[in-house]
Amino acid sequence: MEIVIVGNGPAGVAAAEAIRKSGLECSVTVVSKESEPFYSPCPLAEYVEGSVSRDSLFMRDGDFYRRSRIDLLAGCAAVSLDPSSRRIGVSRSGRIEHLSYDRLLVASGAATAFPPVSGLSGAPGVFTLKTLADADAILENVGGTERAVVIGSGFIGLEAVQALVRRGLKVTVVEAMGQVLPQMLDADFAARVQARLETFEVEVLLDSPVRRVTQGPNGVASVVAGDREIACQMVVCATGVRPDLSWLAGSGVAVDRGVIVNDRMETNLPNVYAAGDVIQAPDWAGRLDLLPNWPNAVASGRVAGASMAGESRKFTGLLPVNAVRIFGQPVSSFGVRGGEQVVAAGEGGAARKLFLEGGQIVGGQFLGDVSGSGVFLEMMRKRVDASFLDGTALSGRWSVAAMLREPPRVRSLAG
Amino acid sequence: MSESIFTFVERCVGCKSCEVACAVEHSRSKVLASAMRETPRPRPRVRVQPAMNYTFPSRCVHCEDPACVAACPTGAMTEDLATGTVRVNDDRCIGCWMCVTVCPFGAVTENPETGTAHKCDLCPERTARGEDPACVAACPTGALIYSTAERFADERRKITALSTVGVSTEAPGNVTLWRSLRGGYQR
Amino acid sequence: MTSVQIPAVESALLSIAKKKGIKTGRDRLKEMSPQCGFGELGTCCRTCYMGPCRIDPFGDGPKTGICGISPDAMVARNMLRETTGGAASHVGHARHVLLTLRDALDGKAPYEIKGAQKVLSLAKTFDVPTEGRDLADVCRDLVDIALEDFGRQDEMPNNWLSARAPGQEQELWKELGLMYSNPHNEIETAMHASSMGNDADPTSLMMRVLKMSLIDGWTGLALAVDLQDVLFGVPEVSVTETAAGVLEAKSVNIATHGHNPVLSEKILYWADKMDEEAQAAGAERINVVGVCCTGNELSMRHGVKLAAHNSQSELILATGAVDAMVVDIQCIWPQLAQVAKCFDTAFITTDPMVRIPDAIHIPFEPQRADEDAKEIVREAIAAFGRRKGKPVDIPDHKSKAVVGLSVEAILDILSKVNQEDPLKPVIDSVASGDIFGFTGVVGCSSIRFRDGAMTEEMVKNLLAANVLVVTTGCTAHILGQAGFLTGEATDKYCGEGLKGVLTALGEAAGLGGPLPPVWHMGACVDNSRIVDLLAAVADRLGVKVTQLPAVGSAPELVQEKAISIGGSFLALGVSCHIAPAPRILGSPVVTQLLTQDLSQVTGATVQVEMEPKGAADWMIGHIASKRAALGLSSTPAV
């Protein structure tokens with residue numbers, strides 16, 4: 001049995017590990033267009049900032065691939081899939097080779113979705129912060145740079161902002177929407193995050209879609225966004241990610257915004273599975289969704305690996321969660337924003353908000369104090385009646401104890 | 001089968017002895033009087049919380065297939081595959097709080113002083129010496145036990161069995177009364 | 001369970017505090033929760049250093065302390081220490097008033113004798129001759145009688161107890177060995193007996209609790225109130241206002257807080273005289289308002305407006321409108337100094353025993369009362385100067401309240417109906433069932449119960465069943481704020497029988513409307529007035545106090561003092577409702593004693609009910625059983 005995994009990120013590696021854990025006798029080949037062993041992209045901003053070392057980005061020890069009997073084909077991009085012959089085409093040092101598989105995992109991830117703006121994608125001085133190579137490129141160019149513009153105020157954008165500010169740059173963040181973190185927070189909490197960014201002298205421009213990026217003699221010269229032109233020597237584009245589907249064209253694999261999978265991570269093609277940022281899968285409520293984040297990548301990778309190894313394991317659904325820190329202040333959110341609100345204010349500007357529909361939690365957001373927030377997420381997933389929640393109950397320490405229902409009670413001491 | 005901490009919630013009276021013992025065990029000095037003055041301040045990894053008329057020592061249950069381990073993007077949160085114990089490696093933790101965001105028990109918290117995730121580690125030093133974890137050793141009512149899942153299930157079954165043959169396993173009447181009377185104001 | 005809204009004024013004050021980011025007791029309670037079960041059960045013993053010891057209520061763990069003490073003795077010993085704390089507070093208060101009176105008589109303290117009527121009635125009680133004597137001389141004799149109690153080592157019965165307490169009950173107390181001599185000796189003995197290695201018999205310890213409660217009742221409450229009436233006059237009926245809305249944005253607001261009127265009487269006196277200084281500082285006037293029981297004292301005698309009960313004391317500071325909060329003794333939350341720091345409020349402690357970090361301490365001595373009071377008023381005016389022009393948040397809420405119903409004032413009203421036999425109209429109404437019975441709703445205001453309006457809801461149920469309510473302490477504030485201290489409340493809440501009686505009494509007294517259905521009888525020390533009233537009614541009927549269709553309730557227990565006051569009612573044979581549960585549930589013996597067996601001893605029991613309706617129902621049932629025993633109809637005519 002030959003198993004081929006396209007992608008060496010969290011989903012690919014989790015799948016490979018699940019296969020090895022299952023004890024299935026098979027070969028495992030991991031195809032990675034990057035040249036590095038498995039690393040985590042999540043602390044890349046901290047790496048750029050200098051608080052996390054390059055070494056600690058790597059998630060496994062040097063012996064991991066050998067010990068796990070995983071063939072890592074690094075620097076090798078998948079370019080095509082032919083399910084009829086059960087082969088994929090890969091580009092290696094400019095040459096196309098073919099790899100046969102008995103089972104294939106598509107875990108090729110997502111890439112930055114550049115807005116269709118002239119002078120942006122691929123232009124000198126314009127960076128992204130998705131891969132280790134991206135981060136290394138920023139580090140090579142950040143010296144002597146004074147002003148930077150970050151395009152997009154999602155969590156990657158804001159992490160890039162902080163890294164650059166801590167590197168001593170004056171940073172402007174431009175956002176096409178009317179608030180920062182538009183996918184994560186409502187306008188109310190976003191305004192508080194914006195205020196915190198401004199406290200750290202970040203310039204925040206809302207409702208400012210990027211119109212063009214201009215180049216000067218020494219590289220990038222300015223960003224024109226909304227009605228402003230901001231001079232800068234560096235641009236980081238963080239306008240969100242999109243599944244990397246180009247190499248699957250013509251393969252017959254069903255795609256929408258991502259590769260469509262069921263709760264066993266099976267695609268419509270026999271023996272072809274998918275996991276990680278590339279998938280469009282059932283979320284916690286069973287709705288097909290695209291929710292690229294680390295926990296979903298690992299969880300879907302584990303399920304995919306188990307399925308490929310012939311085990312019966314079901315995916316519990318993509319989790320709509322995100323967490324980011326804004327200059328040390330934790331911010332997290334899950335679910336959707338809308339419906340009835342329950343709000344609590346904590347100390348030092350901390351705040352929490354839950355969104356309820358029909359007495360059930362449908363979303364939540366946390367600022368400054370995220371402790372216990374996972375319990376609310378669990379209450380959402382389990383559809384626990386949360387109509388008893390009020391601001392008082394929401395504030396303060398919170399644990400699973402809150403989910404215990406009220407036992408019947410006597411209220412008097414019989415005389 | 002490896003041992004873990006289990007809770008008989010009906011025996012908890014909310015004295016918080018477990019909290020104190022946990023903080024002391026995770027201090028440098030391991031002595032209450034000096035632990036209180038240490039920086040960073042030793043923090044308990046178990047919190048007794050109100051649960052309607054009951055109290056509940058809320059703590060990591062070292063889940064099978066732990067969400068926090070899956071969610072950790074730095075490899076700081078790991079599960080010992082042999083024992084099932086879930087621990088945080090402070091050196092790798094960058095405080096992204098993904099683990100806090102996904103823990104269904106509210107058992108992983110932020111340690112504001114170290115900026116790292118904070119949770120029950122099952123007292124590795126104590127258990128290596130063959131002792132119970134600090135919270136278990138400190139619990140004056142036997143609400144916390146250090147046992148295997150099988151033995152805990154046996155205990156529970158025994159309680160059920162006794163009650164079916166008419167041996168009272170209910171809390172004493174005064175305890176039931178006390179719980180019923182405190183429900184009104186316990187927040 | 002009916003769903004009840006948090007009282008409006010409380011809600012307004014809390015939102016002000018929240019808006020300003022001020023943490024309140026409710027926040028701290030939440031942080032503190034859950035609270036330790038051993039403490040709540042009463043089975044935590046810290047008496048010696050082999051301990052602390054805790055009894056495992058589930059039976060597998062320790063069943064006794066290290067020394068072998070039983071959980072029953074542990075509970076009883078802890079309760080004795082609580083009771084002693086309460087009694088010591090009241091006895092200390094009473095002694096302070098006594099020494100002030102002595103110094104006043106000696107010309108050493110600037111106080112006059114304003115209660116000539118009280119001097120004469122006490123002289124009669126104590127067989128002090130009055131014929132042809134100066135009031136001051138009579139008064140001096142009374143002082144000597146009281147002082148004798150504090151110095152005696154002869155084990156002879158305490159003067160204030162033996163002369164003031166009703167006779168039949170004294171006979172019982174003698175039988176039970178509860179009569180005491182020198183209160184200080186008893187406080188010493190109680191602390192001694194409850195220290196390590198002494199009394200370990202729960203019954204013996206509980207008898208000590210009853211004895212200590214009697215000390216609270218007679219050398220604490222009765223002595224303090226009697227002598228306060230001598231110094232400051234016997235309260236008369238007047239109408240005032242309650243709740244935080246009595247603060248005035250443009251005036252110098254002085255909130256007097258605590259329990260002992262020796263200081264606040266002088267503050268009020270000088271505030272009246274110093275309006276000009278306040279006006280020079282840009283204020284309209286000086287507005288002295290009352291908080292907690294000092295507030296009740298001033299209100300009873302001078303109609304001073306009542307701003308806040310105890311659990312609101314930090315909340316009214318959050319209005320930013322209090323220029324000075326002057327405190328004397330008891331129930332002063334240390335937190336007040338911290339809230340005061342957020343504003344221009346001068347938080348002034350005055351008693352050497354009540355020192356609070358971050359407070360301004362102006363030591364108050366009765367001998368220098370005028371100078372000290374003036375200095376305090378000037379601090380308040382200076383604080384107003386700092387505050388002037390800044391925005392304040394004073395809630396609109398205030399309610400009218402009839403106050404000042406001392407026993408003398410009540411008899412005065414009743415005598416307008418029947419000059420010869422003032423109690424007769426009341427007794428007739430009780431016989432007919434128009435007044436089904438009496439409840440003393442007394443004690444503290446607890447944040448554990450405020451949000452459910454425990455006291456208000458309970459009282460509504462009592463009034464509907466024609467139970468007349470008398471009140472003191474912080475519960476009086478609560479009921480005042482909720483509008484129960486008005487004639488309108490009679491129409492709104494009372495059953496037909498009670499409504500008729502109160503309307504008739506009000507018209508006879510020339511009030512032009514009904515008497516309120518809840519009678520404000522004073523501060524928490526003024527519980528002795530309730531005892532005097534019960535004793536008078538029992539005496540008139542020729543029955544024991546325990547036979548009366550009367551019951552006590554402390555629906556929002558906070559302070560140790562409430563335990564010792566409650567004990568004094570139990571000793572008298574008056575059953576009491578209490579919430580939350582006292583710390584006795586860890587002891588089957590003590591629980592059984594207080595909830596059942598005590599009825600065989602004094603005729604009284606304790607009942608814990610956490611819900612207002614349940615509490616009222618129990619009290620109504622209890623009254624019904626007392627009525628039945630007296631041969632009266634035992635179903636309330638609603």
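**View 1. The two domains of chain B, with C-alpha centres 21 Å apart.** In this predicted model, where local features need pLDDT of at least 70, side-chain atom pairs count only at pLDDT 80 or more, and totals for chains, interfaces and linings use all residues, side-chain values use heavy atoms, leaving out hydrogens and water. Residues are numbered from 1 along each chain as its sequence is written, with chains lettered from A and ligands numbered from 1 in the order in which they are written. Domain 1 of chain B covers 1–58 + 122–187 and domain 2 covers 60–119, with bounds from an automatic or database domain assignment.

**View 2. Where domain 1 of chain B meets domain 2 of chain B.** Here 11 residues of domain 1 are in contact with 14 residues of domain 2 (heavy atoms within 4.5 Å). The two domains bury about 1000 Å² between them, 45% of it on carbon and sulfur atoms (accessible area, 1.4 Å probe, lost on being put together, summed over both). On the domain 1 side, Arg43(B), Arg45(B) and Leu122(B) lose the most area, together 53% of what that side buries.

**View 3. The contact between chain A and chain B.** Chain A brings 45 residues to the contact and chain B brings 37 residues. Together the chains bury about 3300 Å², 62% of it on carbon and sulfur atoms.

**View 4. A salt bridge joining Asp65(B) and Arg313(A).** The side chains meet at 2.8 Å, N to O. Between chain A and chain B the count is 2 salt bridges.

Technical notes: A salt bridge is a side-chain nitrogen of Lys or Arg within 4 Å of a carboxyl oxygen of Asp or Glu.
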